[in-house]
Amino acid sequence: MSGNGLVALVILGVVAPAVPGIVVKTKSLLTGRRGPPVLQLYADLGKLFRKGTVYSRTTTWVFRAGPVVVLASLIVASLLLPLDGRAAPARFVGDWVAFAGLLALGRFALVLAGLDTGSSFEGMGASREVTIASFAEPTLFLCFLALVLSTGDLSLSGMLGTPLAAAWPRAGASLSLVGISLFVLLLAENSRVPVDDPATHLELTMIHEVIVLDHSGRDLALILYGSALKLALFGVLVVSVFVPRAGFSGPLAVGLLFLGLGVVAVAIGLVEAVMARLRLARVPQLLVGAAGLALFATILQLQ
Amino acid sequence: MRLLVLCAVPLVTALIVLGAPAFRGRRVPVGLLVTVAAAHLALVASLWTVPAPPALGGWLAADSLGLTVLTLTSVLFLVTAIYIVGHVRLDAPRSGRLFAGCLLAFLAAASVVSLAHHLAMLWVGMEATTLSVAPLVFLRRDRRSLEATWKYLVVSSVGIALALLGTFFLASAQGGLGHPLLLPDLIADAHELHPAWLRAAFLFLLVGFGTKMGLAPMHTWKPDTYGEAPSLVGGLMAGALTSCAFLGIARVTEVVAAAGLGSFAQPVLIAFGLVSLLVAATFIIGQGDVKRLLAYSSVEHMGLLVLGLGLGGVGTYGSMLHLVNNGLAKGWVFLVTGNIVLATGSATAVRNRGLVRTVPASAVLLVLGLFAVTGSPPFGLFTSEFTILRAAIDGGHPWIAALLLLTLAIIFVGMAALILRVTLGEPPAGTGPVRESPWLVAGPVALAAVVLLLGVYIPGPLQDVLTRAAVALGGRGP
Amino acid sequence: MQNTAQVVLLLVVLTDLAILGTSRLSSCIRGLATQGLLLGLLPVLIAPQLSVHAVSLAVGTVAVKAVALPWFLAWAIREAAVRREVEPLIGFIASQLLGALALALAFAIASRLPLPAAQQPLLVPVSLATLMIGFIVLTTRRKALTQVVGYLILENGVYLFGLTQTESVPFLIELGVLLDIFVGVFIMGIVVFHINREFDSLDATRLTELTD
């Protein structure tokens with residue numbers, strides 16, 4: 001429980017809404033527009049917190065609990081990541097399973113809240129979201145497996161920390177493949193192009209956006225913040241795999257992390273500007289491809 | 001020197017025919033074909049009396065195994081060339097230069113395969129035989145032959161690729177002892193070869209070259225290809241091409257036998273042989289097309305060849321004798337079928353009936369061919385099949401012998417049903433006797449005479465060569 | 001040199017998986033061209049010292065596999081005016097899963113086959129994997145052109161294995177092999193052209209007239 005780690009955690013919490021902002025700004029600039037300011041999400045969150053919340057008569061406590069569970073699970077998950085490159089505030093053997101489980105819990109709560117509204121739009125979005133998740137989860141586990149085999153450590157702090165830095169010279173190929181696979185997972189889990197277009201306004205083409213269609217006011221603010229935090233967490237995963245920071249001093253490692261996060265955000269914006277959204281039937285193919293890369297990385301390590 | 005000439009002359013002639021503007025047009029240069037074929041056979045005959053030294057630093061050499069296949073190919077090619085003289089008068093192919101060029105290229109490639117002692121060179125020659133025959137299968141340019149050519153190309157190419165992998169495995173097994181992939185060195189160093197690689201090489205080469213032979217279960221291209229290709233091409237393929245492919249398998253068996261891994265190789269060979277026999281027997285029953293029937297018969301005989309090789313002992317000699325007999329008999333029967341197709345337009349039972357009245361000479365030859373190909377005495381195939389049967393019983397495999405007899409019986413019944421159906425009976429109304437050109441009948445008659453002779457008496461030199469080949473393969477003479 | 005060769009071999013596997021997952025024929029051919037280029041780099045990277053043999057093999061491979069064959073296949077696509085592969089016989093997702101399985105199998109088999117220590121350790125598993133994936137593409141795709149692509153991937157796998165034997169297989173033979181493959185694909189291309197003309201499509205599953 002280093003001080004650096006906790007400081008980094010706080011900074012992450014503060015900086016998280018800026019990450020989607022960077023993504024949208026990059027995409028706008030690359031497509032020839034000026035786009036909204038990078039800190040737009042902060043303004044949106046502030047506005048939403050001041051607004052009142054409207055609840056539909058068909059909803060129950062599940063709908064009210066959804067956003068809270070999402071945010072809570074994400075905050076607990078962020079405790080498991082070694083943000084200073086060495087150790088996480090909370091670590092134990094097998095915490096990567098808990099990490100995946102917490103993310104799944106958040107998604108589960110969100111989907112239930114969506115179903116609770118009884119609207120067919122949310123139902124459609126829920127089924128799509130869960131289908132994609134059923135392909136994404138095994139991929140995530142395969143990536144973690146490859147990391148476990150490369151580093152020989154069973155805790156996220158080890159898989160993304162000092163043993164990872166030591167593993168790069170000999171397992172470089174596997175780790176690159178895992179990094180690419182995690183990037184694809186990032187795009188899938190956070191509903192970015194090519195899996196889902198966050199800028200679409202047609203409900204029938206949405207996946208994530210449509211589940212939260214009925215939320216308003218503070219609940220919506222919590223959900224938007226949660227999405228940004230989830231994006232940031234996956235970004236941390238990708239950066240940790242590609243840039244092992246165990247060799248750097250504390251503040252430098254944390255600084256590198258946020259710099260890397262920015263780079264990842266720009267990369268996402270680049271992908272969004274260049275690619276079009278895939279047809280829904282092709283999304284499983286993309287994820288199977290990512291799983292294939294992770295499997296390849298695992299096989300390389302099993303030799 | 002002679003060996004080099006044997007390979008180079010057909011190749012150069014083929015290139016000239018395919019490239020030179022003088023050969024443009026529909027006319028097939030039959031004179032050139034016959035001349036080259038005759039010269040080729042003359043040179044091969046000279047090899048029997050005056051042995052030739054190895055050429056190209058040992059890459060080309062004429063040992064008994066190669067000499068057998070080379071002679072068979074050369075004889076079949078000459079007979080086919082003479083047949084073509086009569087054939088083109090009745091049915092000229094669309095592009096004469098392609099027809100002749102591919103045939104000559106095939107002769108060159110088959111010569112390379114027979115004479116190659118460098119196993120990678122053997123592979124190159126084998127691939128060249130596949131490629132040179134493909135345009136010939138596609139001669140009629142209609143849907144069915146297109147389909148047949150496509151299947152042939154795809155399946156053969158995969159088989160050849162696997163054979164290449166097997167060749168590389170063999171090089172791995174050698175690992176630096178002696179000249180790489182040179183047969184004499186492989187045999188001399190056989191006991192030092194790495195057994196795991198050698199076993200893998202044997203399996204891949206068996207499957208790869210077995211695909212080219214048409215062993216079951218890699219035979220799927222055979223019925224379609226033999227069915228749609230012109231009959232004279234089918235004869236060359238069934239007689240010469242399959243023998244070259246068998247040569248590939250025999251070469252690796254030589255190495256395996258010398259390395260003492262016979263106990264590994266033999267069950268595999270026997271298994272493939274028996275499967276081929278069973279598949280042939282199953283599909284021959286109820287066959288309606290004579291050329292497809294012959295294709296399955298070819299599968300059966302390939303099975304017999306491999307079975308004899310696997311049984312060892314005198315079975316190896318039986319295989320070698322069968323190689324010769326089968327090649328000649330297949331050439332004979334396919335050419336006769338070609339005559340029938342020329343006369344009636346198709347080889348199916350639906351369109352053919354009473355052939356003995358329409359084309360008497362060819363029909364008689366076809367019926368005699370039926371007896372020959374199914375292994376009835378006094379034809380040569382009976383002797384070779386009996387030898388293989390003897391090997392099965394001597395080796396203590398009574399079940400194999402019983403299975404062999406059963407499948408041969410079934411095949412005889414199946415083939416007889418179709419062939420007798422098309423030859424006997426009344427011809428369809430309005431078809432009178434067709435004049436059969438002597439060019440078309442001479443070849444099959446000659447081949448039939450040889451097969452008959454071999455059933456009664458095997459000339460001394462031939463027996464010597466076949467025995468030496470059998471011994472090299474790990475077996476013994478009669 | 002060792003590490004670069006390793007990276008190149010891994011990229012070869014990635015091109016295999018990419019071709020397995022794509023449905024656009026032009027992507028298949030581009031993947032094939034990339035693979036040819038990578039394969040052409042390998043003789044130079046693997047040889048202990050730069051020799052005329054290695055360089056000429058590299059040049060020949062690039063000329064045939066990365067330039068001539070993809071160009072010819074692109075011509076065939078233009079002639080036949082096909083753009084996409086229809087759903088293959090076992091589906092794209094299943095093909096990719098099979099490809100991953102083939103990869104695992106290749107590595108498992110390769111660990112059982114002993115090879116001298118000086119050799120590039122990844123060469124044999126990658127060659128076997130490429131072979132198997134080529135076979136998968138060949139057997140599960142409907143369009144005749146994609147089957148040709150599968151055959152070429154299979155040949156690439158065999159070629160990769162041949163690189164372990166550069167001393168044993170003389171240059172002339174390798175030239176012969178390359179020539180054979182070129183002519184083979186050339187003939188296939190002609191047949192494909194005729195298939196398209198005759199059947200008005202390149203769907204090889206339509207070739208079912210001949211049967212017992």
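Here is a walk through the structure, chain by chain and contact by contact. Keep in mind that what you're looking at is a predicted model.

Let's start with chain C. This chain has seven helices and zero strands, so if you trace the elements from the N terminus on, you read α-α-α-α-α-α-α. Along the principal axes, the C-alpha atoms of chain C fill a box of roughly 50 × 35 × 35 Å. How does the radius of gyration of chain C sit with that of a compact globule? A compact globule of 212 residues would come in near 17 Å, and chain C has 17 Å, which agrees.

Now for how the chains meet. Two pairs of chains are in contact, and of these, chains B and C share the most contacts. On that interface, 32 residues of chain C are in contact with 34 residues of chain B. Looking at the side of chain C that touches chain B, the elements giving two or more residues are helix 6 (144-162) and helix 7 (171-199) of chain C. Helix 7 of chain C supplies the largest share, twelve residues. By type, the residues on this side of chain C split into 18 nonpolar, eight polar and six charged. And chains A and B? They do not touch, and their nearest C-alpha atoms are 20 Å apart.

The largest nonpolar core has 351 residues, and the members that touch the most other members are A:Ala294 and B:Ala201. Helix 6 (residues 143-174) of chain B gives the most to this core, with 19 residues. If you want to zoom in on A:Ala294, leave aside residues up to four places away in sequence, and you'll find that A:Ala294 touches A:Thr139, A:Leu142, A:Cys143, A:Ala146, A:Leu177, A:Val178 and A:Ser181.

Finally, a stop at a loop in chain B. B:Leu56 lies between helix 2 (30-49) and helix 3 (64-90) of chain B, in the loop. Why does B:Leu56 count as partly exposed? Because B:Leu56 has 15 other C-beta atoms within 10 Å, while a buried residue needs 20 or more and an exposed one has 12 or fewer. For a sense of distance from here, B:Leu104 is 48 residues apart from B:Leu56 along the chain, and their C-alpha atoms are separated by 22 Å.

Notes
Residues are numbered from 1 along each chain as its sequence is written. Chains are lettered from A and ligands numbered from 1 in the order in which they are written. This is a predicted model: local features need pLDDT of at least 70, side-chain atom pairs count only at pLDDT 80 or more; totals for chains, interfaces and linings use all residues. A nonpolar core is a set of buried Ala, Val, Leu, Ile, Met, Phe, Trp, Tyr and Cys residues joined through C-beta atoms within 7 Å. Helices (H or I, at least four residues) and strands (E, at least two) are DSSP runs, numbered from the N terminus. Two residues are in contact if their C-beta atoms, placed from the backbone, lie within 7 Å. Ala, Val, Leu, Ile, Met, Phe, Trp, Tyr, Cys and Pro count as nonpolar, Asp, Glu, Lys and Arg as charged, and the others, Gly among them, as polar. The radius of gyration is taken over C-alpha atoms; the globule rule is 2.2 Å times the number of residues to the power 0.38.
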